[in-house]
Amino acid sequence: MDDLRIGFGEDAHRLAEGRPLVLGGVPIPEAPRGAVAHSDGDALLHAVTDALLSAWALGDIGAHFPDTDPAHAGADSAALLRAALDTALAAAGGLRPQQVSAVVTLDRPKLGPHRAAISASLAALLDLPLDRVGITFKTSEGLAPDHLQARAVVLWG
Ligand SMILES: [Zn+2]
């Protein structure tokens, strides 16, 4: 059955001072700490990118964009997502992403004020209407205060 596909992705980064925080392609300027990463550390976009690839059994972000490759140092995760989307679309036989559902876990800052901007950014990257982009913000309840985590599911149809 090739008229429906689903992909799941997950990503996590450690938080450190002196790093910018970017989520879903949106800078979070009031964040006290940002993600430690070879790229810009955008865990939400990395989870969505893995979900796009996973739906078509195309491996993962690390296989397509190795973090040992200096060409990807400080990489714009939105550009990586679009490249992965193009790769997946080439395998998709005319199917397209129909919906994305994601969870971001971060203790500070509260991300609610950025929901509209993050949703709009993700919708634009995936060419989806806003009502097909669901993002949930969670805290770790203090269990992982030094940790940024994102999970995402993308449905293709
Ligand atoms: Zn990542």
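Strand 1 (5-16), helix 1 (43-54) and helix 2 (61-64) each put at least two residues into the lining of the largest pocket. Helices here are DSSP runs of H or I with at least four residues, strands are runs of E with at least two, and both are numbered from the N terminus. Strand 1 gives the most to this lining, with 3 residues. The model is a predicted one, so local features need pLDDT of at least 70 and side-chain atom pairs count only at pLDDT 80 or more, while totals for chains, interfaces and linings use all residues. Residues are numbered from 1 along each chain as its sequence is written, and side-chain values use heavy atoms, with hydrogens and water left out.

What counts as a pocket? On a 1 Å grid over the protein atoms alone, a pocket is an open set of points where a 1.4 Å probe fits, with protein on both sides within 12 Å along at least five of seven lines; lining residues have an atom within 4 Å of a point. The largest pocket holds about 240 Å³ of space, where grid points are joined across faces, edges and corners and the volume is the space filled by probe spheres set on the points. Its lining has 16 residues, and Ser39, His46, Ile61, Phe65 and Asp67 are the closest to the centre. Sorted by type, the lining comes out as 6 nonpolar, 6 polar and 4 charged residues. In this sorting Ala, Val, Leu, Ile, Met, Phe, Trp, Tyr, Cys and Pro are nonpolar, Asp, Glu, Lys and Arg are charged, and the others, Gly among them, are polar.

Next comes the metal. Asp11 (OD), His13 (NE2) and His46 (ND1) are the protein donors of the zinc ion, at 1.9 to 2.0 Å from it. Donors are N, O and S atoms within 2.8 Å of the metal (3.2 Å for Na, K and Ca), and water is not among the atoms, so sites may look incomplete. Along the chain, the zinc donors follow the spacing D-x1-H-x32-H. Aspartate 11 belongs to strand 1 and histidine 46 to helix 1, so this pair ties together parts that are 35 residues apart in sequence. Both aspartate 11 and histidine 46 are buried, where buried means under 20% relative accessible area, exposed means over 50%, and partly exposed lies in between (1.4 Å probe, protein chains only).

Now for the sheet. Strands of a sheet pair through backbone hydrogen bonds, either parallel or antiparallel. Here 5 strands form an open sheet in the order 4-1-7-5-6, with mixed pairing; two strands pair if DSSP finds at least two bridges between them. Strand 4 (34-35) and strand 6 (133-138) are at the edges with a single partner strand each, so one side of each has no neighbour in the sheet. Strand 1 pairs with strand 7 (residues 147-156) in the antiparallel sense over 10 bridges. Glycine 7 has valine 154 of strand 7 as its bridge partner, and alanine 12 stands opposite glutamine 149 in strand 7. Strand 7 also pairs with strand 5 in the antiparallel sense, over 8 bridges, with glutamine 99 opposite leucine 155 of strand 7.

In soluble globular proteins, nonpolar side chains tend to be buried together. The largest nonpolar core in this model has 41 residues, and Leu23, Leu44, Val48, Leu122, Leu148 and Trp156 touch the most other members. Such a core is a set of buried Ala, Val, Leu, Ile, Met, Phe, Trp, Tyr and Cys residues joined through side-chain atoms within 4.5 Å. Helix 1, helix 3 (77-91), strand 5 (97-105), helix 4 (115-126), strand 6 and strand 7 each supply at least two residues of this core, and helix 1 gives the most, with 7 residues.

A few spots in the backbone deserve a look. Most residues other than glycine have a negative phi, and most peptide bonds are trans. Alanine 57, in the loop between helix 1 and helix 2, has a positive phi of about 55° although it is not a glycine, and counts as exposed at 71% relative accessibility. Glutamate 141 sits in the loop between strand 6 and strand 7; this residue is not a glycine but has a positive phi of about 55°, and is exposed, with a relative accessible area of 68%. Arginine 108 and proline 109 are joined by a cis peptide bond with omega of about -5°, and proline 109 is in the loop between strand 5 and helix 4.
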